Amino acid sequence: MQPRKLLMISTDRKIFEEGSAVRARQAEYAKEWDEVHIIIFDKSRRKGERSRETVIAPNCWAYSTQSWTKMMYPFDAMGLGRFLIEKRGITTITCQDPSLTAMAGISLKKQFNIPLEIQVHTDIGSPFFGYTLSNKIRKILALSYLPKADTIRVVSRTIKEYLVGSLGIGADKIIVKPIAVDTEKIKNAPIIPGADLRLKYPQFEKILLVASRLEREKNVGLAIDAMKEVVKKMPKVGLIVVGKGSESEKCNRQRAKLGLNSTILFESWADQQTLFSYYKTADVFLNTSLFEGYGMTLIEAHAAGCKILSTDVGVAREVGATIVGWNEKDVARGIQNTLKA
């Protein structure tokens, strides 16, 4: 029987970090194969940070493209991929996104006639996905490359339905493989001291929780705007926002402008056990993202037994969330109805 040897093309540089969760996951995944070779888009040649090859596990290696610029990532990956295919006898290729890594994968598939899998981790079918020029370009590339893949791995049924319904890709080519979450660990996690939201914020009768990177696509500003309407009828409701990001200052200014400094409170990103306790002691978990491929926090909140109110993204419907539209009145109405239920 021919050895099963995988070539993976990825953008996740955390795999080079010893002790990282990404590295541990890849070492575990490699047990399913005889060999795994991972090409990482990386500018380490310019920075002089790392060697070309890093051993991840006895049968798993990661390789930096050592690119001079980001524009060269796919082309350097093609060159390195050709070398690995010829020298290591690669039998399967997988690409961790449907745009730039897929560009390299499609080229290698065409040259060597090797089965290609393309992974889709974000909701390219969302009407909001193209909110930046780079995302518009990624979507154009994805729509071109995905029909050429032998198999497509997605993280939610929402993405599969889009690929089948809008792109006409055969359902039999698409595998739904959710991101692994230890839900039993969350269910059994205790509420740790100092992380009971009801005790920590006794000034609130009801508590909403947002746990998110504060980035544009996470749309936390919508949750802040909705609170302006909520407190008119429910003045003792508080919103706790856990997270940080490039929009942190903007969110702070928005809160102050609306006069909600005592109603909306910000915390830096919490460790896992604290976040589990927050899910368990909040009245509602709120998600107002523009798009999600999966929605890890939705799965976590569901496992913790927290009610969920969410825009129609990722696995929101699959976890039984109450779905709201992308406008402040609909979100506010959803909050009020859920808290009264």
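Because the model is predicted, local features need pLDDT of at least 70 and side-chain atom pairs count only at pLDDT 80 or more, while totals for chains, interfaces and linings use all residues. Residues are numbered from 1 along each chain as its sequence is written, and side-chain values use heavy atoms, with hydrogens and water left out.

Helices and strands are taken as DSSP runs numbered from the N terminus, a helix being H or I over at least four residues and a strand being E over at least two. Two strands count as paired if DSSP finds at least two bridges between them. Strands of a sheet pair through backbone hydrogen bonds, in either the parallel or the antiparallel sense.

Strands β3 and β4 are antiparallel and share four bridges; a hairpin connects β3 to β4 through two residues. Within this pair, Glu53 has Tyr63 of β4 as its bridge partner. Strand β2 (residues 35-40), in contrast, runs parallel to β4 (residues 60-64), and five bridges join the two. Here Ile40 stands opposite Ser64 in β4.

A further open sheet has six strands, ordered β11-β10-β9-β12-β13-β14, with parallel pairing. The edge strands are β11 (264-267) and β14 (322-324), each pairing on one side only. Neighbouring strands of this sheet are turned against each other by 25 degrees on average, direction ignored. At one end of the order, β13 (residues 307-311) pairs with β14 in the parallel sense over three bridges, and Thr311 stands opposite Val324 in β14.

Attention now turns to a pocket. On a 1 Å grid over the protein atoms alone, a pocket is an open set of points with protein on both sides within 12 Å along at least five of seven lines, whereas a cavity is a set of points where a 1.4 Å probe fits but cannot get out; lining residues have an atom within 4 Å of a point. The second largest pocket holds about 200 Å³ of space, where grid points are joined across faces, edges and corners and the volume is the space filled by probe spheres set on the points. Its lining consists of Lys70, Met71, Pro74, Phe75, Leu100, Ser134, Ile137, Arg138 and Leu141. Helices α3 (73-88) and α5 (133-145) each supply at least two residues of this lining, and α5 gives the most, with four. By class, the lining has six nonpolar, one polar and two charged residues; Ala, Val, Leu, Ile, Met, Phe, Trp, Tyr, Cys and Pro count as nonpolar, Asp, Glu, Lys and Arg as charged, and the others, Gly among them, as polar.

The cysteines are considered next. The structure holds zero disulfides, a disulfide being a pair of cysteine sulfur atoms within 2.5 Å. For Cys95, the nearest cysteine sulfur is that of Cys60, 16 Å away. Cys95 is buried at a relative accessible area of 0%, and Cys306 is also buried, at 8%. Buried means under 20% relative accessible area, exposed over 50%, and partly exposed in between, with a 1.4 Å probe and protein chains only.

Several residues outside the strands complete the account. Asn113 is located in the loop between α4 (100-112) and β6 (116-120) and has a positive phi of about 55 degrees although it is not a glycine; Asn113 is exposed, with a relative accessible area of 67%. Asn219, in the loop between β9 (206-211) and α9 (220-233), likewise has a positive phi of about 55 degrees without being a glycine. Ala282 lies in the loop between α11 (272-281) and β12 (284-287) and counts as buried at 6% relative accessibility. Ala282 and Ile240 are 42 residues apart in sequence and 9.1 Å apart in space, C-alpha to C-alpha. Finally, His302 belongs to helix α12 (residues 296-303) and is partly exposed at 43% relative accessibility. From His302 to Lys280 the C-alpha to C-alpha distance is 9.6 Å, across a sequence separation of 22 residues.

How values were computed: Axes are lines fitted to C-alpha atoms, for helices over the stretch in contact, and angles run from 0 to 180 degrees between N-to-C directions.
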